[in-house]
Amino acid sequence: MTAILDDAASAAGCCPASQAVPVAFPDEAVTGAGQAGTFAQTGEDGRHVLSLLVDGITCAACIAHVEKAARSVPGVEFARLNYSTRRLQVGWQENSADADSIVTALAARGYKATPYAPEGVSEGDDAALKTLLRALGVAGFAAMNVMLLSVSLWAGSDMAPETRLLFQWLSALIVLPAIAYAGQPFFRAALSALRGGRLNMDVPISLAIILAATMSLYQTITGGDEIYFDASIMLLFFLLLGRTLDLRVRAKARSAAQNLLAMRSRAATVIRSDGTREFLQAEHIRPGMTLAVASGERIPADGTLSSATATLDTSLLTGETLPESARSGATVFAGSLNIGDPLELVVTAAADATLLSEIVRLMEVAEQGRARYVRLADRVAAWYAPVVHGLGAITVLAWLWSGAGWETALLNGIAVLIITCPCALGLAVPAVQVVAGGRLLRAGILIKSGDALERLADVDTVVFDKTGTLTTGALQLADPDRYDEATMALATALAQESRHPLSRALTAAGRSHPATIRNIRETSGFGLSGEIEAGEIRLGSRTWVGAGEDAAPEDTQAEIWLRDAAGNLTRFTFDDELRRDAVETVSRLRQYGMAVILLSGDRTPAVRAIAETLGIRDWRAGCLPQNKAARLTALSAEGRKVLMVGDGLNDAPALATAHVSMSPADAADIAQVAADFISLGDRLGAVCDCLTTARQSRRLVWQNFALAFGYNAIAIPLAITGFVTPLIAAIAMSGSSIIVTLNALRLKWMS
Amino acid sequence: MDVLIILIGAALFLGALGLAAFLWSLKSNQYDDLDGAARRILLDDDLPED
């Protein structure tokens, strides 16, 4: 999270706990309690440790609030929040506290905490980053001390031979163990590439470092002057720096994605045959079990509804904005949100067999396809390495042919390999990516994979989803001033008792004080009823209030009807609002020369209306997840490079199929996992920002490659003809690395 | 030039000290939560409780 975003948030009184008002609780937070115990882990000393993901942390005060809230639970021994990853660890002795009370304590302070199983969140990146940092520290230490000795060697031409020898041996003593330790990340990668019959950048790097060290050792022993200890360790230091930067960018993005995935493994309430209820983690659900799903909870497994009726929000699966009513015996799918009364269902497919998992599987297949993309740096390396090794061999042969001895010939050959070692190339891409990542982060966009920027720069077609992407995804009362005060008062009074999305939208639009109504009842799937002095009033569907099918023009808008005590009918209509900058963004994309396509799972009239407003000619409604993915496959078969922008679970396979993809931050977890970019704000314009940055980055990367090759064009002839001294090698190497880094920094000031 | 031995020894010792400190801080997870560390300094939990 950037400092800028955070500071803005803290100025506005960000944390829930810093606001004086009692916090209205998101439904899913409350249902999260009661399940936490299954996630607690017991250590050997009988101490329980619970890992939680905490939502809503925005400033320093939140750290104190969260840790204090957790410690306030009797029996809790420690609570430590990692601000960067939003993960909280709480520990207590057996039987002295319980997991649910911790979740509840955090909830009372306004922080939604989700327990997760820590083994689901891989620590691989952390370990790799630590290895690299350790190597970087060792290489840095060695480089500093050797440089101290080397500068004396270069400067002190009148140095006594014994002192000279002492300095050379000291250098060897420092550098050789340092290389043996800090060079391992490169040596390992080079070995595995060679075993696989490939050449990557690590092969010439490893070869240059090892040869330089070996030759310098030989020269030290035989009393020669061609000693490259300083150059080889400096080379290693710069390359490790590039590698560390690269991994940090990717690790940060991956931990955000893992947080989302970890949240998915929720628990479910199982009703046993004797009527007792029990919490089970989602992977332990089996077909045939009866599950209870509370209001506001997501259905954990596919099944057959056994309650009489239910109202479900299936937008995650289908993109459909309107809630769906289901009757007893209907098939309901995992991932649907229960927005009506508590319901019961009999599981027909659990865990890996659910529709949800099917979508995830579609997505994984698609991702494997995308993994075939070869990063620019690796493509360059694929021909750079053979050229460099060829040049080295030619140098040796040419010197031998011209009558020089084996030693001179080998020395010059090795000098070629050292001087061409892709120091600047190793930094050229990561340096630009780090600067670009920082710039996008300040604009509220997260990059998930390192090569996403490269792929984005190739894009020529943009495919949008409708609900939640082009539109805000939240229904709003259309033209609220049309209704009179008394009607609104009645409608709001009834609507605020219901969790139905239309009722919520109506409540949100209510200006006046709601009227007093007694005996409010909700009939799931139909509507609400209540009594006032004058008689019964009803709010709900067309049939619920008794309006005939011809009572209003058949249009596409979502509607809710009110019948007051006198029998007068009022029809409220709702719109799914376009994002504010949607029109502007689409026209800007056209200026960039992009083809714009709209694929939605929603009904045809709703999609047509949006497409016409935005001037998108190529649109399709009623798309299933596999239709969207198939369309994207077809587009890429035509040779198009597609950017997919979507937010729903139904978009996930398409997001994974596309050449590159983007999701808003309020998208379904799985969509965010599939997407390469996540935009945090509610601006659609983020798409344009990303495209501009990606194209500028590509230009800078190519410039950096050009700089690196230009440096080689000057240095290689010197090396081949035997004019390179250790001093020239040291200057050339650090000089080219610094120039490449400075060039990457220019991205910061580009508009 | 015997003083060189002492100087080089001192330079290497100090450098090694710095390296040891870095490796120790890395091992004790001090780089895990850089954003958090920057913010925790603002917390007043070292003040006596009222």
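1. Helices and strands are named here as DSSP runs, numbered from the N terminus, a helix having at least four residues and a strand at least two. The model is a predicted one. With that naming, A:Arg86 is placed in the loop between strand S3 (76-82) and strand S4 (87-93) of chain A. Is A:Arg86 buried or exposed? Since a residue is taken as buried if 20 or more other C-beta atoms lie within 10 Å of its own, A:Arg86 counts as buried because it has 20 C-beta neighbours inside that distance. A:Leu52 lies 34 residues from A:Arg86 in sequence, while the C-alpha atoms of A:Arg86 and A:Leu52 are 8.4 Å apart in space.

2. The largest nonpolar core is made up of 132 residues, and A:Ala139, A:Ile233 and A:Ile418 are those with the most contacts inside it. For A:Ile233, once the neighbours within four places in sequence are set aside, the contacts are with A:Ala139, A:Ala142, A:Ala143, A:Val146, A:Val175, A:Ala178 and A:Ile179. Another core, of 27 residues, lies apart from the largest one, and A:Cys59, A:Ile63, A:Ala105 and A:Tyr111 are among its members. As general background, nonpolar side chains tend to be buried together in soluble globular proteins.

3. Three strands of chain A form an open sheet in the order S11-S10-S13, and their pairing is antiparallel. Strand S11 (324-327) and strand S13 (337-338) of chain A stand at the edges, and because each has a single partner strand, one side of each is left without a neighbour in the sheet. Strand S10 (residues 309-313) of chain A is joined to S11(A) by four bridges, the two running antiparallel, and A:Thr311 has A:Ser325 in S11(A) as its bridge partner.

4. Strand S23 (residues 595-599) of chain A has four of its five residues buried, so it is largely enclosed by the rest of the structure. Four bridges connect S23(A) in parallel to strand S16 (residues 461-464) of chain A, with A:Val463 standing opposite A:Ile597 in S23(A). Three bridges, again in a parallel arrangement, connect S23(A) to strand S24 (residues 618-620) of chain A, where A:Trp619 is the residue opposite A:Leu598. Between S23(A) and S24(A) the chain passes through helix H20 (residues 604-614) of chain A, and this β-α-β crossover is right-handed.

5. The buried residues in H21(A) include A:Pro625, A:Lys628, A:Ala629, A:Leu632 and A:Leu635. Viewed down the helix axis, the buried residues of H21(A) fall within an arc of 115°, so they line one face of the helix. The exposed residues A:Ala634 and A:Ala637 are carried on the face of H21(A) turned away from its buried side. Just after H21(A), A:Gly639 adopts a positive phi of about 90°.

6. How many residues does each chain bring to the contact between chain A and chain B? Chain A brings 17 residues and chain B brings 21 residues. On the side of chain A that touches chain B, helix H3 (60-71), helix H5 (124-155) and helix H6 (161-182) of chain A each supply at least two residues. The most is given to that side by H5(A), with nine residues.

Technical notes
Residues are numbered from 1 along each chain as its sequence is written. Chains are lettered from A and ligands numbered from 1 in the order in which they are written. This is a predicted model: local features need pLDDT of at least 70, side-chain atom pairs count only at pLDDT 80 or more; totals for chains, interfaces and linings use all residues. A residue is buried if 20 or more other C-beta atoms lie within 10 Å of its own, exposed if 12 or fewer, and partly exposed in between; C-beta atoms are placed from the backbone. A nonpolar core is a set of buried Ala, Val, Leu, Ile, Met, Phe, Trp, Tyr and Cys residues joined through C-beta atoms within 7 Å. Two residues are in contact if their C-beta atoms, placed from the backbone, lie within 7 Å. Two strands pair if DSSP finds at least two bridges between them. A crossover is right-handed if, with the strands pointing away from the viewer, the path from the first strand over the helix to the second runs clockwise. The arc is that of the directions from the helix axis to the C-beta atoms.
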